[in-house]
Structure formats: C-alpha cells, structure tokens
Amino acid sequence: MARPTTSSTAIARARPATRRNALPARLSPGLACDTAFRIIARRHLDAVLAQHDSTCRGNPEALHQIRIALTHLRTAIRFFSPMVDDALRPKVWAELKWLNSQLGMVRDLDVAIERVVAESSEELSVIAELRHWDEKRAESHRLLARALQSARYRRLVEQTSTWIESGPWSTRPSKDAIRLRRRSLSDHATAQLTEWEWTLLKKARRLRKLDVEKRHKLRILNKRLTYSIESLEDLFADKSLTKQKSILKQLRKAQRSLGQLNDDARGQTLAASLNRAGPEAGIRFHNRKRAKKLLQIASTAYRKLDKAKPFRSSDLAPNLEPED
C-alpha cells in the first residue's frame, strides 16, 4: 500500500503529541508571551497545512496563500525573539527557509506568466514565448510537489509543531528566560513594533537611492511589520481599529509597489534562464516609467506612515495581568 503523503497525515502525526493543552481563542494584551507565541504560530502553521493538497495539485492561489502563511510564521518567530532563540531554533528556521525557497520559484513563475498574459496579444511569437514559460513552470512544480510530499516536509511539520509547543525555549530556567516568557504581550508588542517601525521608516527615507537588493530588504522589513500588526489584530481596542486599518493600508500600498518592482527584477532573471524564449522575454519586465510610478507610490505611502505614528500602547485594549 502506498504511503500517505497528504497534509492530513502530517497534521495527524504532529498534533497528538504536541497539542495537548488548549489555548485561548483570542489574544489579549495581558497574555503571557509564551502563550501568545503558541497561539500565533499555531494559526500560521495550520494555514500552511491547509493549503498543502491544493498546492500539490498546482493551484496558483493555494501556492500564494501557503507562502503568505509561511511568511507569517517566520515573522512570528522573529517577533518573539529572543524568547524563542534556543538550540533548536536554527534548525527549525533552516527548514522553513528551505520550504520557502521551494515555493518561491513556482510563485515567481506564476507572477511572471500572469504579466506576460496581461500585456500580450494573441501573436504567435507571444504564444511561443508562453510555451517556454509554461514548460519551466511545469518542471518547477514537479519539483515542488515532490518536496511537499517528501519525508523532509513531514519532519518539518512535526519538528516545527513540537518546537512551538514544547521546544527548549519554553522550559529554560534562567531568570531572563522566565522573564521573557512571562512578559505581557502588550509590553512586548509595543516595544517590538515601535522598533521595527523606526527601522523601516529610517531605511525608507533613502528608497529612491536603493539598488534592487537593498530595496528587496526594505520590502522584507515592510512585510514583517505588516504581518505582525495583522497577527496582533485581536489586541487593538475598538477606538483604534480605524487607525490600525489606515496604517495597514499604507503599509500594503508600499508592500504592493515594492513587490511589483521585485517581481520585475525576478522576471528579468527568469527570462534570461529560458531556453529559446527570445530577447523580448526579458525586455517585457524592464519599464522605467512603471518603475518610477511604483517608487512614487511607495514613497508617498511611507510619508503618510511617518506622520501617522502607527503603533502606541494607548492603541491597545485595557491591559490585564499576564496569563499563564
């Protein structure tokens, strides 16, 4: 009998040993950081698993969603550093990075193909070019499906789930470790988001001078702040929801523009790797007017963000005592 390879198998193997304890359904400002991390990380790991089967079948939207969930999970691990920085974290991080790289190639090709289709007519030359793109996408998806059905992927799920629930970080006896675990989510979130906001806006002031690599790093910082605020949505008091939505609107505008610039750069690289696709394959992703417009949108969003002062402790619901 063939060995099951679906996400349900991975979940079944991971959950019995690692999900013995029930957690609150929602975050609250007074929640202890160790409990908050488990709630957030579980949500995003479950979201990864939920898209597994559809991604294996080649669904582009499922692939997009699994990448978003994976980035959310990796952001949560960064957000709760140094609390979770134990001996196993580098291994967990390396495996999540591996999975992201497997997903990334196919997603980049999906985006590139969408661009080619959107900007082309029914010319025979374009149809021939698309055939090359589709061949590369099919090859990359075969490799991705193999990775998602591998023993390595199943070990990743089990290892990550166990580490989230009961990794060494959760039992370290030092005073600093205990303090970090017991710190209220409100205090930690205020400090971490303020620091990330300051770093993002400082680097964003030089946006127009950044090369492709540094602009990509800025986009990662933008995504990190965006995803963290989204993960902490439960914390915002009713009176601050409008402000929170306004902040996320600017962050998403900047992220979308920087993402399109990054897609263009990746598209040029991918086009160069296509066999017999012709020089027009790369030219399609090089448009100075478009790049200038996208940079302007991102710059405007960051100026508005700078004025808005996104995250302050007063934006949270009334604080509570830390929960065990």
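The expected span of a helix is taken as 1.5 Å times one less than its number of residues. In the predicted model described here, helix 10 covers residues 212–231, and its 20 residues should therefore span 28 Å at 1.5 Å a residue, a value with which the 28 Å separation of its end C-alpha atoms agrees. At the start of helix 10, a side-chain oxygen of Asp-211 lies within 3.3 Å of the backbone nitrogen of Glu-213.

For helix 4 (60–79) and helix 5 (89–118), the axes come within 10 Å and cross at roughly 150°; because angles over 145 degrees count as roughly antiparallel, helix 4 and helix 5 are roughly antiparallel to each other. The crossing of helix 4 and helix 5 is left-handed, and the residues that make the contact include Leu-63, Ile-66, Leu-70, Leu-73 and Ile-77 of helix 4, together with Trp-93, Leu-96, Leu-103 and Val-106 of helix 5. Charged residues also take part, among them Arg-67, Arg-74 and Arg-78 of helix 4 and Arg-89, Lys-97, Arg-107 and Asp-110 of helix 5. By class, the contact of helix 4 with helix 5 comprises 11 nonpolar, 4 polar and 7 charged residues. The loop between helix 4 and helix 5 holds Pro-82, and the peptide bond leading from Ser-81 to Pro-82 is cis, with omega near 10°. In general, most peptide bonds are trans.

For helix 2 (residues 33–50) and helix 7 (residues 151–166), the axes approach to within 9 Å and cross at roughly 165°, which makes helix 2 roughly antiparallel to helix 7. The crossing of helix 2 and helix 7 is left-handed. On the side of helix 2 the contact is formed by Phe-37, Arg-38, Ala-41, Arg-42, Leu-45, Val-48 and Leu-49, and on the side of helix 7 by Tyr-153, Val-157, Thr-160, Ser-161, Trp-163, Ile-164 and Glu-165. These residues of the contact between helix 2 and helix 7 divide into 9 nonpolar, 2 polar and 3 charged. An α-helix has 3.6 residues a turn, so residues three or four places apart point the same way.

The remaining pair consists of helix 9 (residues 185–204) and helix 13 (residues 288–308), which pack at an angle of about 140° with their axes 10 Å apart, an arrangement that makes helix 9 oblique to helix 13. Helix 9 passes helix 13 in a left-handed crossing, where Leu-200, Leu-201 and Ala-204 of helix 9 meet Tyr-302, Leu-305 and Asp-306 of helix 13. The contact of helix 9 with helix 13 contains 5 nonpolar residues, no polar residues and 1 charged residue.

Key
Residues numbered from 1 in each chain as written. Predicted model: local features only at pLDDT ≥ 70, side-chain atom pairs only at ≥ 80, totals over all residues. Heavy atoms only, no water. Axes fitted to C-alpha atoms, helices over the stretch in contact; angles between N-to-C directions. Helix = DSSP H or I, 4+ residues; strand = E, 2+ residues; numbered from the N terminus. Parallel < 35°, antiparallel > 145°, perpendicular 65-115°, else oblique. Left-handed = near helix turned anticlockwise from the far one by under 90°. Contact = heavy atoms within 4.5 Å. Polar contact = N/O pair within 3.5 Å; in protein donor to acceptor, adjacent residues only side chain to side chain.
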